[in-house]
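User: I would like to learn how to read a few features of a structure. Please give the general idea each time, then the case here.
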Amino acid sequence: MFYREAGEYRTSYVEDGQTFPIAFDRWRYYLVLAVAFLVIPFVINDYWANAIFLPFLIYAIAAIGLNILVGYCGQVSLGTGGFMAVGAYGCYKLMTAFPEVNIFFHVIIAGFITAAVGLLFGLPSLRIKGFYLAVATLAAQFFLVWLFNRVPWFYNYSASGQISAPERTVFGHPVTGPETEPWAAYLFCLVFVVVLAWVARNLTRGSVGRKWMAIRDMDIAAEIIGVNPLAAKLSAFAVSSFFIGVAGALFFAVYLGAVEVGEAFGINKSFLVLFMIIIGGLGSIFGAFAGAAFLVLMPVLLKNVLVGGLGWPTDLAAHLEFMIVGALIIIFLIAEPHGLAQLWRIAKEKLRLWPFPY
Amino acid sequence: MNEQFLFAMEVTLNGLMAGVLYALVALGFVLIYKASGIFNYAQGVMALFAALTLVGMMEGQVPFAHLINAMFGTDIHHFGWTVPALAAIVLTMGVMIFLAWAVNHFIFRHLVNQEPIILFMATIGLAYFLEGFGDLMWGADIRKLDVGLPQGINLWIDEITFNAFGYGFFIDNLDIVATVVAALLVVGLVVFSQYTKQGRALRAVADDHQAALSVGISLNFIWVLVWSIAGFVALVAGIMWGAKSGVQFSLSLIALKALPVLMLGGFTSIPGAIVGGLIIGVGEKLFEFLVGPLVGGATENWFAYVLALLFLVFRPQGLFGERIIERV
């Protein structure tokens, strides 16, 4: 009824190829942006920022990054936690070594450092495929976590072995450290999310993204039609690691503030982000957001219902959470291997014809 | 002979023993992978689940006691009886067979013909589910598992080596038992797959699903069978590891240790799992002994993965794996 493309005339190729070709979608997108930038910062409080918005935004970046590698380029990686740790520790070293530089640049440079590390661990992907590669990326996970745990230079020889973010400001407002206002931290992350999602969207529909997808669908065939597998795979690793590194830096500096590497960036984090993109939908930017939102909200919801509502002990809720996450993964894989993003697509298709399908 | 060398020898022997335990877990992986093409990430959690169930049965614990207490405000925890180890093992095996049936019936039957990576992710989901389920059923405390296996230093080896070299080797009795059990298990599996009807059917399925189906082999039955065998291997591994370091969450992480073993040996080869396990076991112990002190220790966390990674760059199919042939 309201979701129609009838009457919308597109007269150029550029107009036809835009991300939201249907006006309704476009306005919805602007509305979401407007709410995110103009409404939420004024109403947000500590609980909402720390329990929902910050983890959602940061995991969304990580999920987009992993989705580029797994969903678009088909290289399964279980090293996300390790790469997030690289971003976090890179950011920490930069923050403490160059305190006069704006934290914005620290986060970006931490992303580039992670991209370099990702390139290094992506090299074996030229020889190894499928499961073998998935397991090989575990090497990155365990080696990096061990490195940050054992080499004191990385945590500035602090006695506890932890790293904690010093206070840094953007336009005079602190965005890290204990004095941070929730809205400042939220906006800081939101800017990264919006910019990076825009970059990812445009990368994946351009020639780079098409090369990635060709490699994903069948790498030998892609090579025959002239896609350079070396460049395609390594660029996917680099771009994906950049995103994940930025997410790691934000996760440490803005969200947690203090980090113990084995706890914050362990193997479980790798699986969590992988689950986000499976549930959200492989090979879809929207899917990364949907998956991140789902897996951030679900534990909060479960906790509120079981612990707050029914009065069950927290450990029981934690066990149930494991079971539900596991069961959901399986259900999604069986019922809809393309995840929430596919459900969204189907819903939109139906909506275009609604209420008169034929 | 100098002290360092003897010490290195002892470390190597201990590494061999640890490698056998890795190989035990890796065996379960290989079996399922060969028969159904599923890379079963949940193998480690299955070992944990089996060990938890075994302990729970032996102690006569009430399953889901915690949940029931929370729901109905009761305070139950034990039935008040204990079950002898052997009976509990048989009962646990029954549970594992039921689990095998359930896994096949509710999950993998619906995922036939999906890409291998989808199946792999389904097993990750299964691992999470089982982990929560096991904790919910039996509680999340660290438990001691004692089925009467000998433990502690083997005095006989200690004495012999002391007489021979003037330095007694420390070898745990449990490791020796594990080695013997692993050897028996492998022999048993080989005999089963070579000389029984089901074993031959299993190999046929591993070779070609459709061809096996067309000569009248029931795929469903074979899959339940192979998951049951994997459950049995998981039970054995769970008993060994549980007796060694207690039944706790970290038990499921040995699955992660088994992955590099598999990569090294090749996913499709039973001897590969054994040899890979031994190489990893010895390698990581020796590396920790020789290089560990120089770089801050705890190298065991990553050595196996990095070794496997470097190895695969030169030989992508592992030591004994089938050659990977790709066609467009």
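User: Is A:Asn156 buried or exposed, and why?

Analyst: A residue counts as buried if 20 or more other C-beta atoms lie within 10 Å of its own, as exposed if 12 or fewer do, and as partly exposed in between, with C-beta atoms placed from the backbone. A:Asn156 has 11 other C-beta atoms within 10 Å, so A:Asn156 is exposed. This is a predicted model, in which local features need pLDDT of at least 70 and side-chain atom pairs count only at pLDDT 80 or more, while totals for chains, interfaces and linings use all residues. Residues are numbered from 1 along each chain as its sequence is written, and chains are lettered from A and ligands numbered from 1 in the order in which they are written.

User: Where does A:Asn156 lie in chain A?

Analyst: Helices (H or I, at least four residues) and strands (E, at least two) are DSSP runs, numbered from the N terminus. A:Asn156 is in the loop between helix H6 (130-150) and strand E1 (163-164) of chain A. A:Lys93 is 63 residues from A:Asn156 in sequence, but 7.9 Å away in space, C-alpha to C-alpha.

User: How many helices and strands does chain A have, and how many does chain B have?

Analyst: Chain A has 15 helices and four strands. Chain B has 14 helices and zero strands.

User: What does the radius of gyration say about chain A?

Analyst: The radius is taken over C-alpha atoms, and the globule rule is 2.2 Å times the number of residues to the power 0.38. For the 358 residues of chain A the rule gives 21 Å, and the radius of gyration is close to that at 21 Å, so chain A is as compact as a globular protein of that length. For chain B, with 328 residues, a compact globule would have a value near 20 Å, and the 21 Å of chain B agrees. Buried residues make up 46% of chain A and 45% of chain B.

User: How do I read the packing of H12(A) and H14(A)?

Analyst: Axes are lines fitted to C-alpha atoms, for helices over the stretch in contact, and angles run from 0 to 180 degrees between N-to-C directions. Angles under 35 degrees count as roughly parallel, over 145 as roughly antiparallel, 65 to 115 as roughly perpendicular and the rest as oblique. Helix H12 (residues 267-280) and helix H14 (residues 314-335) of chain A pack at about 40°, with their axes 9 Å apart. That makes H12(A) oblique to H14(A).

User: Which residues of H12(A) and H14(A) make the contact?

Analyst: Two residues are in contact if their C-beta atoms, placed from the backbone, lie within 7 Å. H12(A) brings A:Phe275, A:Ile278 and A:Ile279, and H14(A) brings A:Val325, A:Leu328, A:Ile329 and A:Phe332. For classes, Ala, Val, Leu, Ile, Met, Phe, Trp, Tyr, Cys and Pro count as nonpolar, Asp, Glu, Lys and Arg as charged, and the others, Gly among them, as polar. The contact of H12(A) with H14(A) has seven nonpolar residues, no polar and no charged.

User: How many residues does each chain give to the contact between chains A and B?

Analyst: Chain B gives 41 residues and chain A gives 38. H5(B) gives the most to the side of chain B that touches chain A, with 16 residues. That side has 32 nonpolar, six polar and three charged residues.
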